[in-house]
Amino acid sequence: MRLLVELAINGILMGSIYGLIALGLTLIFGIMKVINFAHGSFLMVGMFATYWMCTLTGLDPYVSLLIVVPFCFCLGYLVQNFLIKPVFKKEIKVREPIGVLLLTSGLWMFMDNTTLAIFGASYRTVKTPYAQVSYQLGDILLSAPQLYAFIGTIIATFCMYVFLRRTSLGKAIRATGQDRNTAELMGVNTYRIYNIAFGVGIALTGLAGGLLTPFFYIYPTVGFSFDIKAFIIVVLGGLGSIPGAILGGIIIGLIESVAAQFMTSTLTIVLAYVVFLLVLLFKPEGLFGFKGEW
Amino acid sequence: MKNARTGVVGCLTSSKFYTTLILLLVLFSIPLIIKNPVFLQLMILVFWYAYLTLSWNIVGGFAGQLSLGHAAFTGIGAYTSTVLFIQFGLSPWLGMLAGGTFAAIIAITIGYPCFRLRGAYFALSTIAFAEALKVLVENTREVFGIPIKGAQGLLVPLKGQSLINFQFLSKAHYYYVILIMMLVALFITYKITKSKLGYYLSAIRNDVDAARSLGINVSRCRLKAAILSAFLTAIGGTFYAQMLLFIDPAGIMGLYLSMEIVFIAIIGGRGTLMGPILGAFFMVPIAEFTRFYFGGQKVGVHFIIYGIALIAIMLFSPRGINDLIVRGYNLLFGEKGRKEGNFLGGKSYDSSRCSGNK
């Protein structure tokens, strides 16, 4: 029983990171109605950026987030402005646009393999004094960096919520997500909003990357496994839903850590795929029906 | 207007027959003139990718369903024929048909529910399916007592040169096999574009709801396309197994192969007759040269080029190289055509005739 509780808690901690990655994806989808296939690659960029900040300047990973997150925001903003926007504009009248999906899949292959060519396929880790530290809660051990990542996710989600609900920029973003044309009539510069939304989505992913670095291997194709999980989570939680993303993340984290007790750990992802396909087929609006809640 | 959908070929109507004949002669005489195995291997790969992309194009292009998991079908084909060959000594030529049939059955069971999904959802479900299958195969050592050896992969036992066993010593044999396979796939695609199914698919791609309201059975048409596509793709998988005599899940059913197929199709021109072949002729040699120059330690370098090419195509010519060539052709020869038309009766050159497909 104690083992199960410990597994469940570990699953929730890891799942919250999945949720944070999915949050960026779902934000981009909710506003722009496009799927960013390069999302995992941006996570990889966030992780590598944190890694190099730490190794070159000796900064603490959490301190280097102060630079990595704005960097990711700028990267996302520029990618959206110069690559995605032209394709997006061409397809504005198409009923089921997939141009952006294709473009971002090209970006994904480009980014992953460029990193692979430059840094090689080796696994890197960031050494921190607290990597091995764990807290004891009753008789359950919690790894410190995972706990920090969980706390970071909660804070980031709360900030996102306040940002989207309370600030005028957040309101403009939500309005654009709800109805582009009406938002435009209200004087919102929708393409600027798209740039910002994409930037924020990538910044959240960069944040997740930074929070992952203290306890996860860093390698060029690290994004892919997270990418697939983020898609699964976003569909589970309902595309475009913030609470859905976090809850979906925790569900996938739980499935992974608990199922690993009963089968080979590599097979747990198959279980996640099956859950994903079933949800897609029988409840495409997501498990919680939060759809369109902005 | 009859040729509006055939892209490059449509533009060459007048000299179409002779151009095709000369091209075929050249392609068939290459192994007689050039004996260099490296060059032949490159051509084999070009044809193989062109073949797979042509097969993909039936579903991904003409039916407009973006499948990102076609490697699942090459994997099914390769594994079915190889397992049958190892276990029962069944000729890969028959194993090929068995693999194709098996893949078609899988395509029906997976496609039937998934075709209800739209756009990106469908793409996601195909990735999930292909990856799930790959991970399953990687972690399965045997099925019903028949070893498939998981991630380690299967070796096709060497039985010396024989037609029955689909094993040849010279590259030229493989060259002819894959060339004919590619031409058959091209012919099938051509037939589809001329058939009722082709028109139905084109209508569905343009507007599903409108097509449905006209009485087209949308899911049946898509299923037909999926069955054909899966069958042909699986046969391509068998060819790969017989050529390399080794298959492993990561290579033959991995995401990278699926992506390569899609990228070649998009770069060449999705939903056009010649697009897949143009894409393969442009991209595969570049990919192979980078692979050659950067050696084994940097495996993915050619994907940098694929990525850049795809991004450039999406930005500047979303209909692919096919469209670029057609536009170039019109620019060069269209001017003359327009003048002639005006002279003959004020009938201006119909540029839409050669504009290929959306």
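1. Basis. The model is predicted, so local features need pLDDT of at least 70 and side-chain atom pairs count only at pLDDT 80 or more, while totals for chains, interfaces and linings use all residues. Residues are numbered from 1 along each chain as its sequence is written, chains are lettered from A and ligands numbered from 1 in the order in which they are written, and side-chain values use heavy atoms, with hydrogens and water left out.

2. Cysteines. A disulfide is a pair of cysteine sulfur atoms within 2.5 Å; the count over all chains is 0. For A:Cys54, the nearest cysteine sulfur belongs to A:Cys72, 13 Å away. The sulfur of A:Cys74 is too far for a bond, because its closest cysteine sulfur, in A:Cys72, is at 9.3 Å.

3. Exposure of these cysteines. Buried means under 20% relative accessible area, exposed over 50%, and partly exposed in between (1.4 Å probe, protein chains only). A:Cys54 is buried, at 9%, and A:Cys74 is partly exposed, at 42%.

4. A:Thr115. This residue lies in helix H4 (residues 99-119) of chain A; helices are DSSP runs of H or I, at least four residues, numbered from the N terminus. A:Thr115 is buried, with 10% relative accessibility. Beyond neighbours within four places in sequence, A:Thr115 is in contact (heavy atoms within 4.5 Å) with A:Met44, A:Phe48, A:Gly120 and A:Pro220.

5. Helix H5 of chain B. Its buried residues include B:Pro92, B:Gly99 and B:Cys114. The buried residues of H5(B) pack against helix H11 (268-282) of chain A and several helices of chain B, among them H4 (71-88) and H10 (218-244).

Notes: Helices (H or I, at least four residues) and strands (E, at least two) are DSSP runs, numbered from the N terminus.
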